[in-house]
Every structure is written in C-alpha cells, then in structure tokens.
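Dear colleague,

I am handing over the structure below, and my notes on it follow. Please read them with the model open beside you.

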Amino acid sequence: MSKSKDIPIPDTITGYSQVRLDVDLTNGKIDKSTLSNEFVRDWIGGYGFGAKILWDELKPGVDPLSPENVFVWAIGPFPSTILPTSSKYGVFAKSPLTGMFGMAISSGSVGAQARRAGINTIVIKGKASEPVYLVVDDGDYYLVPCEKTVWGKGNFETEELIREDFQDHRLAVMSIGPSGERMSRMGCITNDRNRQAGRTGMGAVMGSKNLKAICFRGTQSIKVAQPVEFYKAAKKLIKVANGPATAKYRDLGTPAGITSYNKLGMFPTKNYREGTWEEIDNGKFTGDTLNQDWIVKKVACSQCSIACDHIARVSKTHPEYPNLIASIDVEMCYSFGSNMGTSDWPTVFKCVQLCDDLGIDAISGGVTASMAAELFELGLITKKDLGYELPFGSTTNLVKFTEEICMGTGFAGEIFGDGCKQAGIRLEEMGRKNASYYGMQIKGLEMPAFDLHGMTSFAVGESVSIRGACHLRNGAYGLDAKGTFDRFGYEKPLERGKKIIATEDVYAIIDSYIICKFTRGIYENDAEMAKVYELVTGIPHTEESILKRGEAIVNLSKCFNIREGWTRADDHPPEKFFKDAHTKGPAKGVTLKEDGYQTLLSGYYEARGWDKETGIPTDDTLKRLGLDFVIGKLKPATTKGGKK
Amino acid sequence: MATRKKKIHQFIIVDPDLCTGCETCESVCSFVHDGEFNPINTRIHRVRIEPVFNIALACQKCEDAPCVESCPEKALDKAEDGSIIVDEDKCNGCGFCARACDFGVMTMHIVSQKALVCDLCENMKEDFIDPEIGKREPQCIAVCPKEAISLKNVEQIGEEKRIDSIRRLFGDVTEFGNK
C-alpha cells in the first residue's frame, strides 16, 4: 500500500478539523469550506498543505510583495493533543528573499489555540486597504483595523496590547513588527514573544498585505481515533523525549554545538573566513559559558516536553542593557556571535532581541551584518557610508546597525535592510565591485550555522534545499559531522544522494505533521511515526506510504521552484567556499572543488529520479508519486520582483 | 472554625524552578476525565508570567474551603482526604465557587457548566489507568515531563523546607560529630 490512494479513508477522520478559511483582504470577505478527506490524507498537514495550495492557487511569476501572492497558514492533525512538540504551525508563500517556495515554521501556543478554534488552514489573498489584524475566536472570524492601535508597534508590545484588549493572557498572537510592515525581505513573524516563523521573509508577505497579526483562541475539544492506545504511546514518547535522545536540546541547548562544530572546523567565524575561533577555544563563547553565566530559565512551547527555549538575562547593573531578556539558540550565537566575530554576550542578546521584537529573521540579520563587517574591513563600505565603524567584533555599533536594518533607516537600512543578496546588488550598482561575493546566501536566503569548506555532503544538502540555504530541509550535515562519507572528498555521489534524500523525505513529513525536529530521535523508527498518525487521525498510513507522501511533497515544492524559474545553477553554495580557504583548523587550506561538487549534485538528482543534468523531475518520477497534474506545467514563468 | 478530618490531606504542588509552562498537565487532565483534549476543562492550571516565570496551580484543599461555604446550592462538600466533591445534580453552574476560590483553581466545565476541581484523578476514566499501576493516580504527575508536579501535605512540605534550611545554615552535615 505504497500509493496514497490505496490508503482507506475511515468513516470519521479525527485530529484534523478539516476547516479551511479563505480570507480575501481586498474585499474583506471571509469564507469557510471543508478540506476533503483525500486532501488531508494525501498532503498530511503544514508543509504538504502549503505545497499543494501554492501549486494550485498561486499564479506563477507574481511579485512576492504584491497582492497576488498567496499566504497560506496551516497545521496538521496533532496540535492540542499531548504528542510532544505538536503545537506547531507553518506559513507558506512565494518568498521575497528567494523568489521561490517560501516556508517558515513556529511553535508556542498558536497551533494549539488555532486547533481548539477549529481551524486547519487559512489561505489569505489580496491586500487590505488599511492595516488590519485577523481574529479567529472559535467560530467567529473577523478583521480589525489597527492603524491607530498596534500598527508600527514592536511584536512584544503588539502581543501585549491585543491580549489586553481581549482580556485574555492566553490569546495566541502571531504578528509582524515594523520590519515586516515596511516589507523588509527578511521580515519574520513572532508569536509568544520568543517564537518566530523566521525564515524566507514571511513577515514581509504579511506586511505587503497590510496584515499586522493573526490571533487565535478556541474552546473546542479534540478527539483522537484511538484514545487509549494514543495515551499509552504519548506517555512513552513524553518519557523518551526526556531521555538521552533530546538531552542536548534540554541541557545546554543547541549552543552545545558551538564547541563540537568548532572542533570540526565547521562553526562559521568572521563571515566564513574561518571555521574555528579562539574565543570558543578559550571557553569564553561556548554553550557551557552561556548556560553558567547567562541562562536563567528554560521555557517550553505548548505541549512540548523538551523545553529548549533558553532564556538569557543580563544583570540589572549592566551599563547598556540592564535586565535585558532574550531567547537564545545556536543559530544566533553564530549569526551575531562567531560570524560577526563578537564574543560579547550582551551584544548578541541585544541584537537577537531587536530582531525578534522589530521583526527580522535573526539568522538573516546576523549574516547580513557579518557581510557588512567584512565589506567594512575590506574598505568596500566605509565609516563615511555608515556613520560609524563596523569591524568584526563590533558591539554597540553592531546593535546600531541591527536596529537600522530592522527599521530601514540610514545607509545600513537602505542597503542591507533586505538581506545579503539585495545588499550585494545595490552595492554593485553603486560601483562597489564584487560586493555580492561576501553575501553568504543560497538562493537568496542567508546561511545557517555550518561552514561548508569541509562539508562536501552538506554542501549539496544545503544547496538543494527548497527554501534556500537551510539546515532543516535535510540532515545532511550529520553525514559530514559523523564521517559517514569523506567530508573533504567527492566519492559515492549516488550513495550520498540517497542518504540525503532519506532524511529529506522524513523531514518533509515532520514539517507536515508538524512536529519539532528535536523529537526526530524519540521515535523507535518511521513506522512508529506513522502509527502515531493513525492513532490520532484514524487514517492507516504505513511507514512506506507516509514516506512516499514526504517524497511527493518535496517534489511538488521543487516543481513550484522550477515553475518560478529555478535552474541547476541555483543549487550552488557561495563562491567563497570554492576560492577562499580557512587559515587554520581541521579544514585549513581546503576549498570546495567545482567538478566534485557538480558530481555530487548530479548524484543527488539521480537518486531523486530527476534528470541528472537539469535537475528537473522526470515524468516517470512525477507519475510514480501521483503528481501527474504537474506534467506539462514546468515551463518557467516570466518572473518579476523575484529571482534573477 | 475548621476541624481536621481524619487524614492530613495531600494536594498537588508544582515547583516553579522545574515547571517550563508546557501545559501538558492541563491537556492530560481534561483527557483522562473526558476522553478529549481541552485545557479549558482542566483541573490544574498553568500560570505563565512573562518573560520567565512558570508554575501550575490546582486545588489547595483549604481546610475552611471558601468554595464549599459559598455554594448557594450546597453542591460542594469535602471528602475525607480533603478533596472537594461536586454533586453534579445539585450544581447549577452559578460560578460562585469560582469567585470564592482564592487561587483561581475552581472553574466551570465548558460543556456541562458544572464546577470543576482537582479530584486527584479519583474520577479519571478507567480505560486510561496504567495496567502496571492498576489504580487511579494523578495523571498530571504521571506525565509531567520535568517531574515538576508532586503530591504532598503541609507536613512534608515543611519537613523538606526545614532540611533545606539546615543545609543552607550548616553545609554538609553528614560528617557532623566526626573528631
């Protein structure tokens, strides 16, 4: 029963509410409809829903920041149950950073509250004539004009003000800050203060629609298909989720990785000039130090047994940032820390807090700042441009720069306020030759915390990611970190491709369920993941059929990219990895080799059943996955405002 | 004047140092009583005060329980173990008990509109009893991922506090008296 249509649909489907809202912001109309049984069985939730709806309903080639873009919000069948980490939601649209498939996932209380309000997906089109926020209050759905209330406010205050207005501390609010309002391509969505749907500029898409926030609360009860069996399974998973499988996320948190990746020469330092850093070697900038000196509390999202959210606090006697509170993970330690050459913890916390509150993605923000720092050191931008100096290791000036790129003010905001790719284009237009070379992005999305010099498998894994540079579409960095293949070599292209695909398809299911990747290790196997789905929904997907759906979802979103003009050249790491080597550490003197890289990339395409040369899925592959409806529609659209 | 019933009663207490605010206790509470997830129908309530404080509260089993006193229908009573018993035939959902409770842990079921209060899972559905344990026990304690929830009486709480304070005052006392 590997074909989805062979999976029988039960008399009653549970877990899913199957309610779809259509919000046309242009005319203010809100319609409610039912997602078909086949739709939820075949597209699972989150990512799958986003991929299918965008394929079907987004006209190819539109400007991502125009009213024609379609903004999809979706959950899967699990929020509000006690399945660990199940309170997650996803947002999907054409990305203003990449011009391709945009997606971001967040947690907190939004998924659970939305599910209790009885909502499965919301599809938002058009543009409101004035700033509004959308309220989903059980069966009541309405838009509230907000130009005089929360428009212009930061995310923290917006959430507080709307909660006050409802006199409900537990109202779930996902909002954009001033950055999203001004359509910074790095614009993120913040909810529950510390949770972000950060990547690919989904906050900018909300801003382009004059949509400040979406609020949810609900009182409905959630039934599951097999309550007794589910309770047994969930109790076991909660226990395991507090065992060794997630220890690294709970104890030191993801910053534990600073030390281990530094040892491997994989922790990007000073805009990828190096993969090791003396401030890590000497113990100043490590997960241990962060936890000992700064972390005051670990907080959980709704129904999460791990509690990875590490809250740092600066003391009340600190001269610049007294009592500052920020939520920290390894990506921010990289983006505003090692990659900026800044080891002053309060500076890092302040920058992260600005990004979360004013509303840009803190990975993109930090990597863009790092690009600026390298350009500053090379003299490609100057103190005269910025109004201040910005060398690696900056502190107060880095905070100033971050505030400016969030708010779009000053030279920094004007040039760097839309991320690395746009900054490169703008600077080169001003005659600053080769500026783009220093923007560490793939497909327009800034890179996460992995230095690819000595990571030949992940060079492919990160480059083929549907949403641009990303470590969460597949776990290929593990192949390099664990030494599954020679991480400096290029042998076994097909085998590597298969290994990358194996995690990519599972991740597509995790992003559709939607659960947290930190729980990947708590399931004994993929069959147990499929079983949990059946216990909740009643739909008897098997390990084989569910993974096939993962494969179909990856393929469909890939087809979305092709339709938007993707070519093989887009699956490529920044040139820097091929030209400039580290001067020290395990990857000293190593650069990626173009021939080798292309061989591995072809291996991945071949393993996927895509044309080895063009990287486009073959008709046979599309048919095998039930994606017949895509065949004949892969001609790239004439794009505007997007890529190229 | 309150007079103590036979047993020194135990109640649910939550350690704010361990509590992460995950709401799992709330979800489980509704599930084992009703067979459905709905934290509004919980008898244990998470309280999060931004940005860092998390705890959960359940019935304190007050000796002189204001909820019992306040009920105009005389629908509430105290069991021998101190738990508040709701006579659902008498309860008319007026909510006076919720107003009287000093801790906000007396609420109304969203569907039945009957008073809802921690029963230490005396009334949990039989189906959800763990066969290895074979009896009803508070499920919030069983599932709390951080083991932040426990069942204690005031004597136990006092004893633990006293031991803590002695450790603070005297340090490691295991070697006490060694010459």
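In chain A, the strands β13, β14 and β15 form, in that order, an open three-stranded sheet with antiparallel pairing; strands here are DSSP runs of E with at least two residues, helices are runs of H or I with at least four, and both are numbered from the N terminus, while two strands pair if DSSP finds at least two bridges between them. Because β13 and β15 of chain A stand at the edges and have a single partner strand each, one side of each is left without a neighbour in the sheet. Neighbouring strands of this sheet are turned by 30° against each other on average, direction ignored. Helix α13 (residues 345-359) of chain A packs on the sheet, where it touches β14 and β15 of chain A, and its direction makes about 85° with that of β15(A); axes are lines fitted to C-alpha atoms, for helices over the stretch in contact, with angles from 0 to 180 degrees between N-to-C directions, and contact requires C-beta atoms, placed from the backbone, to lie within 7 Å.

Strand β13 (residues 295-299) of chain A is joined to β14 (residues 309-313) of chain A by four bridges, with A:Lys297 opposite A:Ile311 and A:Ile295 partnered by A:Ala312. Four bridges also pair β14(A) with β15 (residues 325-328) of chain A, and there A:Ala312 has A:Ala326 as its bridge partner.

The contact between the chains takes 28 residues from chain A and 23 residues from chain B.

On provenance, this is a predicted model, in which local features need pLDDT of at least 70 and side-chain atom pairs count only at pLDDT 80 or more, whereas totals for chains, interfaces and linings use all residues. Residues are numbered from 1 along each chain as its sequence is written, and chains are lettered from A and ligands numbered from 1 in the order in which they are written.

Best regards

Methods:
Two residues are in contact if their C-beta atoms, placed from the backbone, lie within 7 Å.
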